[in-house]
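Subject: Structure for your review

Dear colleague,

Please find below the sequence and structure that I am handing over to you. My notes on the disulfides and the nonpolar cores follow.

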Amino acid sequence: MQNQFSLLVLAVAASLTGTALAQGDDCTGALNVSNGTFGPFTNAGSTTSAPAWPCGAGGNDVWFSYLALGTGNLTVDTCGASYDSTLEVFDGTGGCGALVSLICNDDSCGLQSSVSVAVNIGTMYFIRVGGYFSGTGTFPLNVNGPAGSGTVATASV
């Protein structure tokens, strides 16, 4: 009986660990980020999301959301990742069902990725980090966007 109980505990722990690794596994579960350095994160245990990657045969991706608090350039990188990463930024104005790819990169700082794209105040952007040919590992997410103050105002009807 003790062995059965131990196996059950091990199975539950493995299940919970798998769930934790899959945080941000698709656009609808994107993790919020702002300007700064975040992580380390891992893409181990994540799946490959639609739409198809336009660069680096990306896979096993993790998603982040970024609300631009100013107009200017947004630079995002995974420099320092433990694996060959890929990186893509989307305009998220239409939500996850209507993503518009703005830029994609594989191999900008060694085997890691860096992108820079113009952004507009009040617009939501989605950042997707994956692995070249579905490689996995840990990565920092370095985000440097235009400065803004406070939060973006929205109108209520």
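In these notes, a residue is called buried under 20% relative accessible area, exposed over 50%, and partly exposed in between, computed with a 1.4 Å probe on protein chains only. The model is a predicted one, in which local features need pLDDT of at least 70 and side-chain atom pairs count only at pLDDT 80 or more, while totals for chains, interfaces and linings use all residues. Residues are numbered from 1 along each chain as its sequence is written, and side-chain values use heavy atoms, with hydrogens and water left out.

Disulfides

A disulfide is a covalent bond between the sulfur atoms of two cysteines; here the criterion is a pair of cysteine sulfur atoms within 2.5 Å. A search of the whole structure finds three of them. Counting bonded cysteines along the chain, their pattern is 1-4, 2-5, 3-6.

Helices (H or I, at least four residues) and strands (E, at least two) are DSSP runs, numbered from the N terminus.

- Cys27 and Cys96 have their sulfur atoms 2.1 Å apart. Cys27 lies in the loop between α1 (2–21) and β1 (31–33), and Cys96 in the loop between β5 and β6 (100–106), 69 residues apart. Cys27 is buried at 8% relative accessibility, whereas Cys96 is partly exposed at 28%.
- Cys55 and Cys104 have their sulfur atoms 1.9 Å apart. Since Cys55 is in the loop between β2 (36–42) and β3 and Cys104 is in strand β6, the pair ties together parts 49 residues apart in sequence. Cys55 is buried, at 15%, and Cys104 is partly exposed, at 22%.
- Cys79 and Cys109 have their sulfur atoms 2.0 Å apart. The torsion about their S-S bond is about -100 degrees, so this disulfide is left-handed. Cys79 counts as partly exposed because its relative accessibility is 29%; Cys109 is also partly exposed, at 21%.

Nonpolar cores

A nonpolar core is a set of buried Ala, Val, Leu, Ile, Met, Phe, Trp, Tyr and Cys residues joined through side-chain atoms within 4.5 Å. The largest has 20 residues, of which Phe64, Tyr66, Ile127, Val129 and Leu141 touch the most other members. Strands that each supply at least two residues to this core include β3 (58–67), β8 (124–132) and β9 (138–144). A second, separate core of six residues includes Ala30, Trp63, Leu99 and Phe126.

Yours sincerely
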